[in-house]
Structures are given as structure tokens and as C-alpha cells.
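Work through the exercises below with the sequence and the 3D view open. Each task is followed by a solution in steps.

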Amino acid sequence: METAVIPVGNESATQSSEQSIEVLAQQVQSLTEQVHALSKMARVAQSLDSALVVTDAQARVEWVNASYTRLTGYTLDELRGKNPGDILQTAETDPSTAAYMKDQIDQGLPFAAEVLNRRKDGATYWASIEAKPLRDACGQIECYMAIERDVTVKRRTEVRLQLHHDVLQLLSDACEIGTLLPGLLKLLANYLSWPIAVAWEVKTKRWVGDTHLRHAAIWSSNEVRYAGFIAASERALLSKGEDWLGQVWEQKKTRFVHDLQRVSDRHRGAVADKEGLQSSLVLPVLSGDRVTYLLEFVGPRTDPPDRELLVFLDNVCLQVSHFIDRKRDELRVRQFMTEFDSLFKLSPDGFIVFNSEGIRSYGNPAFYAMTGLTRERLDGVTEADFDAILASLCAPEHRPAPIAAVAASGESDRLELVLPKPSILQRSVKDMFDAMGRYIGRAVYMRDITREMEVDHMKSEFLSTAAHELRTPMVSVHGFTELLLKRKFSEERRQDIYETIHRQSQLLVSMVTELLDLARIEARAGKDLHIRPMGLGAIIERAVNSFLFPGDNRRVEVQFEDGLPQVFADEDHLVRALTNILSNAYKYSPKGGVIRLDVVERGLDMGPQIGIRVTDQGIGMTHEQLARVCERFYRADPSGNIPGTGLGMSLVKEIMSLLGGEVELRSELNKGTEVTLWLRVVTDAYRAQIT
């Protein structure tokens, strides 16, 4: 049997070959596992919801997943070897964001950013990008991997929330619709990225209603470029239903026009086409069921706004509508309060109001004037405090009831004040309730009836005095007549009685006549006077020549110069007043003496005056008598020896008051009296005015 001998060298080669095969198998297995892992990772990357893109070190696309294709609309074949930014970024992309990403890539640094891109179909979207470089074992950048997410909804929500906040801030800061509109138009136009915004106001007239539509505010991002459209909008005046804006007004519905050339716009259509304005969105602002404003946004042709955007804009219009209604209500309240305040400031009656907590909230000037109190004194005062303050103004024996008790009784009462001056106030108290029946406060009304009480007293005193004065001659006439009927007298005695009856009846007639004259003058209030410029000479001559005092042969000494200026007077009434003065001069100088009539002059702030002065040397009057001489039925000589009714000077005072003049009296007991009737002089300025 032969033994085979294997050479040693061949055995070594065999072992080396076996080892190489084993290493190769391990490497193949390792590669197979890596390929399997990479394939698995690729499937995972393809199935990710987030868009994934891999680029080389120069940011050229090497691979994208399916989500990236769905997000951008571009396939791997369309993107391979290209920079994503060159394809997806547009003029609307923020330049600073694009520069930041490029700078990070150039430096081999990771970055995160949100950028506005445009899809293959032209629609824009917001992408959140997180990118980082992948390095080899030597630290060199092999590629970039970036994950992108569509954050359009998030960004839109954030922007709309910010816009909504800005709109609310505008509404909060604005004082009126005129200050609100410009800022609102700018906000919304910038949000929509349209260059022009116009606010149209529906003008109305009371009792007529809506009349026409015209611009209230205009905003533009480029006033020079769109100058023609802006000017045409400013000139436009539309009626309801006229052109497409008038139709929006009539229909009260939001309307989007894709192409302005397809709708009727007589005022602006040609200009809009010339300046590249093609689309318009109009939003009505309603107050109840009535359109008050239209908000119009104009720009280049674009797609219709989505439903979500329209809902948002409608909500903005609703906020504006609430603002307009609120401001109009505030204006009405301010107007009402102004009218209310003016009314109560002008009222001669006093008002003071307490709120629902019983604290003073309002008092008008008349109240403070009649009580002498001040606003500062009554600040924070309660009803109980006010009752105490009011009681301090009254005499202790006339302490007023609390205002709560007066309100409960429903009756008015009287306050007799001693401070700040004696006066009588009629007080009424009323509880106030709102439309829901809730108690909101209490109003106190005070009317000063001091003058009325004085007038009532004067009337009573006048009637008593008149009855007494009339009764005296009537009793005399009645008594002597009765004597004549019942007794027989001698002819001489009978003649004496007749003279007494005649004298007393004449006094009675004079008294009744003067009472009727006074009543007529007061009732007519000067309506039967014919006041005109006239000379004094004729009036004085008529009064002096027609006057004759029984039993007195004296004549009035008249002294005045010719050429006196004219005065404003009524001839008949002035003669009547002057006759009464002359009559008194005769009667109250029974011992004789000179009676003089002259004319004097004086200058006042209101203008020059001329006075007819009558002076006697009679019994005169004391200071107390002089103060009462114009009272009705008052006589300086109460003895009855001097004939008269006591009404003459009252009549003179009334006549001079109606003539715009004045009665001036001076007297000294037992030395005589001086009476001057002052009249207004006719000035050159008056003559120039009537010529």
C-alpha cells in the first residue's frame, strides 16, 4: 500500500484560501445585514409622515421620501441634483430666513427654521425645517438630512390669533369709527396681502333712511401706483343696488369677485384694469339688519378665500359692528346726559339725587344756590347726613321730615329755611326704578315758593286795603243818602250833604278808574303803548296846560331850553304820569309855595337820559314814607284831609317801567318833594340804524 505524501507548501495555501473565504463570507454577511438594515431604514423613512430629504454637502438633493413628494408635489427625479431652496422658495419667502439657512449650510452647522415655500401647484405653505449634517469617520460632511413638517395651519392660527388681538386692541383704543377705520383697513389688507382697502359708509338722513354709499377711509400700500383707483373710489357715490357694490349693500352678503371686468363698476372698472387690480372681496358690516359699512379689499387676481378665512373675517366685521353700536349708544347717552345736565343747570328749581346706596350723586346749581351748600360739602354724604344738614338750615321749630318719609308718603312738604336767607321751599321726593323694576336711587325736587307766598300775602293785603279804601267813600255816600231819604234838612244843609256825596262818589270813581288803569297796564304789559322818538316840549305843554287843581290858582313855573334831544316815549301815558306828579305837588303843598318844572340830563353806562323834574315846597316825607310812596293805597298823609286814592304813584311807576325809564324821588319832611321822570334819549346811532 502506498502512502500519499502531501507537500507542506500546498497545505499552507489551502489554509490561507479557506481563511479568505471565511472573511469574505463574514464581509458578505455584514454587508447583507447592512443592506437589510438600510432597506429597513429606507422603508421606515418612506413611511414617515414627516417629509425627509437627503442632500450632498452642497445641498443638492440625493433622496426624498414619499411624504416630501406629497408635501411639495415634486418627485425625486424632479429634485435630484437640485437645491430645494431654488425650487421651493419664492419672492414671498422671508429673505432673512433664507439667508440664515444658507449661512448655516456653508458653515456645516445644523439649523431649524420656519419658511414660506410654494408647492408645485403654486399654493404656498409654511414648512418647519430641522436639518443637520452627517459626517464620515474623518469628520467630513458626507450629506445633509432635513425633516420638514407642514405648519401652515399652526402658522395661520397664530397669525389669525395675533390679528384678532390687534383688532381687539384697535377697537379698545379707538374713540370713534373715524379713528378705527384706517388702522383696521391696514391690518386686514396686510393680512390678506392685498394692496388696497376701502371702507364704504352708508349715509343716512333722518326720516328718509339709507340714501347713498360713499367712501369713509382708504388705505393703500402704494398710493402712487394705485393713485387712479384711489381717486376714483373717493369720487364714487352709489345708490342701493347700483353697480356690484350697491348690490352687496342691498343683499347684505359677503361677495368675492375674481375678475372685476365681469361686474359693473362704472366709477372704477377701467382704472382697476389699467393698474392691474382684478380681484375684490367685500364684507358688509351690519347693525341689526341694516348695513352701516362695507369693507372692500382689492388686489391682483387670486383664488377665492377659503371658508375658514371668510368665517374669521365675518367675525371681525361682527366685532366692528358691536363697536359701532356701542359707540353710537355711548354718543346717545352723552347727548342725553348733556341735554339732561343743561336742562337741570338752567332750571330755577333745585334737584339733588341719591344713588342706590343712598349717597349723593348729583345736584344742580339752583339747589346749591337756594341752600347755600356746595358740591364739596356734600361729597360722599348719605341721606341721613343730608337730613341733618338740611335740618341745620331750618329753625328748630320747623325741623323737616326725613326724605325717606316724604318719599313714602307720596306728598310734598314745605321747608322754612333761615339760612342762607329766610325762604320757603316746596319739596317732593321720588324713588327711581329701572326698566327691570330695580331700585336705582332717589330724587329730591325743591322749588322756591318764597315769592309766591309773598305775592299771595300781597294779594290778600291788597284786597283787604282796596276793600277798606273803597268801603270808606261808599259808606259815606250810603250814609248821607240814607239821611236824605229819612230826614228833612234845610236847603243849606241839604246842599252841603249833596256836595259831600258828590265828593265821595268822585273819589270812588277816581279810585276805581286808577285800579282799572293799573290792572290794564299790568295785563297788557305795555302792548298798547306806542313808544317812539318825540320831543319833550309838546308833552310838557300839554300836561301843564290841561292841568287844573280845584281851589288853587298857582301856576307851574316851567323852565327848559329849546332844542332838547328827542326821547323814547308814549305821549298819552307820559302825559298821564306827569299829570299825576303835578297833582301830588299841588295836593301835598296846601300852604302854597312854588311848584317848578324843569328838565335835567345825565349820562349812564346804558346811554344818556333826560329827566322831567317837578319840585314843590309842600309837607315832604320822612325816609320811611319815601320808601313806601309807590305802594298801592299808601298815602303820606293818612289823615284824609288831602284828597287822593293812594294809587297815583303806583301808576306812575308802572308807566315809567314800561317806557324803559325810571322814577327818582327825593324828599325832606316839611321842606318839600322832588320827583324826576327819567327817559331814554334817542341817539345818533339809533337814527343811523333806522335810516
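A residue is called buried when its relative accessible area is under 20% and exposed when that area is over 50%, with partly exposed in between. The model used here is predicted.

**Exercise 1. Surroundings of Asp 243**

Task: Decide whether Asp 243 is buried or exposed, then find which side chain makes a polar contact with the side chain of Asp 243.

Solution: 
- Step 1. Locate the residue: Asp 243 belongs to helix α9, which covers residues 243–251.
- Step 2. Apply the cut-off. The relative accessibility of Asp 243 is 9%, so the residue counts as buried.
- Step 3. Look for polar partners. The side chain of Ser 264 makes a polar contact with that of Asp 243, at 2.8 Å.
- Step 4. List the contacts, leaving out residues up to four places away in sequence: Asp 243 touches Leu 238, Ser 264, Asp 265, Arg 266 and His 267.

**Exercise 2. Two hairpins**

Task: Then find which residue takes a positive phi in the hairpin of β14 and β15.

Solution: 
- Step 1. β13 and β14 form a hairpin, with 5 residues between them.
- Step 2. Move on to strand β15 (residues 439–448), which pairs with β14 in the antiparallel sense over 9 bridges. Here Met 432 has Gly 441 in β15 as its bridge partner.
- Step 3. The hairpin of β14 and β15 has 5 residues between the strands, and Gly 437 there takes a positive phi near 85°.

**Exercise 3. An open sheet and its helices**

Task: Work out what order the strands have in the open sheet of 5 strands, and which strands helix α5 lies across.

Solution: 
- Step 1. The order of the open sheet is β2-β1-β5-β4-β3, with antiparallel pairing.
- Step 2. Its edge strands are β2 (61–64) and β3 (111–118), each of which pairs on one side only.
- Step 3. From one strand to the next, the twist averages 30°.
- Step 4. Inspect one pair. β1 (residues 51–56) and β5 (residues 141–150) are joined in the antiparallel sense over 6 bridges, and Val 53 stands opposite Ala 146 in β5.
- Step 5. Helix α5 (residues 95–106) lies across β3, β4 and β5 and runs at about 130° to β3. Helix α6 (residues 152–173) also lies across β3, β4 and β5, running at about 125° to β4.

Technical notes: Residues numbered from 1 in each chain as written. Predicted model: local features only at pLDDT ≥ 70, side-chain atom pairs only at ≥ 80, totals over all residues. Heavy atoms only, no water. Helix = DSSP H or I, 4+ residues; strand = E, 2+ residues; numbered from the N terminus. Buried < 20%, exposed > 50% of the residue type's maximum accessible area, 1.4 Å probe, protein only. Polar contact = N/O pair within 3.5 Å; in protein donor to acceptor, adjacent residues only side chain to side chain. Contact = heavy atoms within 4.5 Å. Pairing = 2+ DSSP bridges. Axes fitted to C-alpha atoms, helices over the stretch in contact; angles between N-to-C directions.
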